[in-house]
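Trainee: I would like a close look at one part of this model, followed by a walk through a few other places. Please start with the side-chain contacts and spell out your terms as you go.

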Amino acid sequence: MSNSQQKNAGMPQLPRELIDRLTKPFLQFLRIEAAAGLVLLLFTVAALVLSNSPWSHAFLSLWETPMGIQSGSLEFTRSLREWINDACMTLFFFLVALELKRELVLGELRNPRMAVLSIAAALGGMLVPAICYLMLQSGLPGQNGWGTVMATDTAFVIGCLALLGTRIPQSLRVFMLSLAIVDDIGAILVVAIGYGSDIRWSAISLAAIGLVIIRAMAVLGVRSIALYFLVGGGVWLAVDMSGVHPTVTGVILGLMTPTGKWVSDERLHAIFDRVVAYPPGDHWSGNTEDRQALRMAEEAARETLSPVERLEIMLHPWVGFVIMPLFAFSNAGVSIVFAELVDSVTLAVFVGFVFGKPVGVFAFSWLAVRSGMAVRPPGLSWMLLAAGGLLAGIGFTMALFIANLAFNPSLIDSAKLGIFLASFVSAVAGLVLLMWLSVRSKASRAGGD
């Protein structure tokens, strides 16, 4: 038994029921970083198998089922796939923006020069692949798909790093997470600007009013998450009507979420001391003074976490284990035709991710450090950074998301095939290099001993 387990052995615990024995292993699985990537991979494979099986027509047709409401001349419908891509993925981008704000305000990126390193790497990882793609597709039907190769899949990258455990330094995890988050923000801006339709400024004005209302609610001290989601839903509808891709709503609202907590640690302990002062008994019922103190303690315990942290904790399992697998299941289906392996779009996507991404990430990071604008964190060697650049070529989720907007139906399968091949090669190359670096580092330490 570890020291922490021995220390906690005598501490009071919540009552345990039979159901706790059944759910505990499952909850432990959900806490593993690699679990979300594993679930995403399983749903991806399932989509590929079904779309190349005798049930392919029924499977692919399912996602085109129209859903929505219609009342007279008013109609608000879209396909099941579009609801997943537009509405569910808004929560994904909301979570990404929350993570970015937490890192910028509370985390490693508070150091401006470390933040610049991740931002520079992300910019290089977006610009260089896009240039590589355009060089291969300029003047061809697929040239509008340049945004596809700009994205990095956060879940798969973090999942790959989790497979190596403590063999890689924490600085690489933070760097890759920050890079992927900035990359995702850049990708959604590309979606909003490069793949939006005609802008309706009246709807933009309504969305702006909604954002002002949300800000006013925060200033006034409104803490009801349900109320914020209600007004946020109205903002989403306004942005959707404006011609801008509605998922940008998630980014804006995430960056607006406060990072300050309402109850300080000192106040929390003072409230708990007041509860503990009441003797045990049957008086914890009714509208008594001690009952009110208990309710105050419950609210104070919740409010010692900032809204950003509370929302991250609440949304992370839903996004990682429901929304992203559902997105992969509805978008990863493609009939594999080996003749498409030499298609120009497939080749351009592959080159953009496998070669453009690592070159862009490494080159822009080196320039940022060399110019003095950025600094490498301790433990993050240039070789580790290069391995991270290879992993950044895993563009699965966001690449599929942008590909559905950028390519016409005749090219989408070729683009998806390029995304799958590039993500697989990038993952293998990055993991192999990291494992080799880990073995070399271990051998070097052994030799020094």
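Mentor: Happy to! A polar contact is a pair of N or O atoms within 3.5 Å; within protein, one must be able to donate a hydrogen and the other to accept it, and sequence-adjacent residues count only if both atoms are side-chain atoms. The model is predicted, so local features need pLDDT of at least 70 and side-chain atom pairs pLDDT 80 or more, while totals for chains, interfaces and linings use all residues. Residues are numbered from 1 along each chain as its sequence is written, and side-chain values use heavy atoms, without hydrogens or water.

Let's begin with Glu 312. This residue sits in helix α14, which covers residues 307–331; helices (H or I, at least four residues) and strands (E, at least two) are DSSP runs numbered from the N terminus. The side chains of Glu 312 and Arg 102 make a polar contact of 2.5 Å. Glu 312 counts as buried because its relative accessibility is 8%, where buried means under 20%, exposed over 50% and partly exposed in between (1.4 Å probe, protein chains only). Leu 95 lies 217 residues away from Glu 312 along the chain, but their C-alpha atoms are separated by 6.4 Å. Setting aside neighbours within four places in sequence, Glu 312 is in contact (heavy atoms within 4.5 Å) with Leu 95, Leu 98, Glu 99 and Arg 102.

Now turn to Thr 152, in the loop that links α6 (112–137) to α7 (154–163). With a relative accessibility of 0%, Thr 152 is therefore classed as buried. The side chain of Thr 152 has a polar contact of 3.2 Å with the side chain of Asp 183. The Thr 152 side chain also reaches the backbone oxygen of Ala 392, at 2.9 Å. Beyond four places in sequence, the residues that Thr 152 touches include Val 157, Leu 179, Lys 357, Ile 394 and Gly 395.

Eight of its 10 residues are buried, so α7 is largely enclosed by the rest of the structure. The buried residues of α7 are Thr 154, Ala 155, Phe 156, Val 157, Ile 158, Gly 159, Cys 160 and Leu 161. Just past α7, Gly 165 adopts a positive phi of about 55°.

Apart from neighbours within four places in sequence, Val 425 is in contact with Phe 350 and Val 354. Leu 390 is 35 residues from Val 425 in sequence, with 9.0 Å between their C-alpha atoms.

Next, a pair of helices. The axes of α9 (residues 201–220) and α11 (residues 248–256) come within 11 Å and cross at roughly 25°. That angle is why α9 counts as roughly parallel to α11. On the α9 side, Leu 211, Ile 214 and Arg 215 make the contact, and on the α11 side Ile 252, Leu 253 and Met 256 do. Axes are fitted to C-alpha atoms, for helices over the stretch in contact, with angles from 0 to 180 degrees between N-to-C directions; under 35 is roughly parallel, over 145 roughly antiparallel, 65 to 115 roughly perpendicular and the rest oblique.

Finally, step back to the whole chain. The protein chain has 18 helices and two strands, and 46% of its 449 residues count as buried. Among its contacts between residues at least 6 apart in sequence, 79% join residues at least 24 apart.
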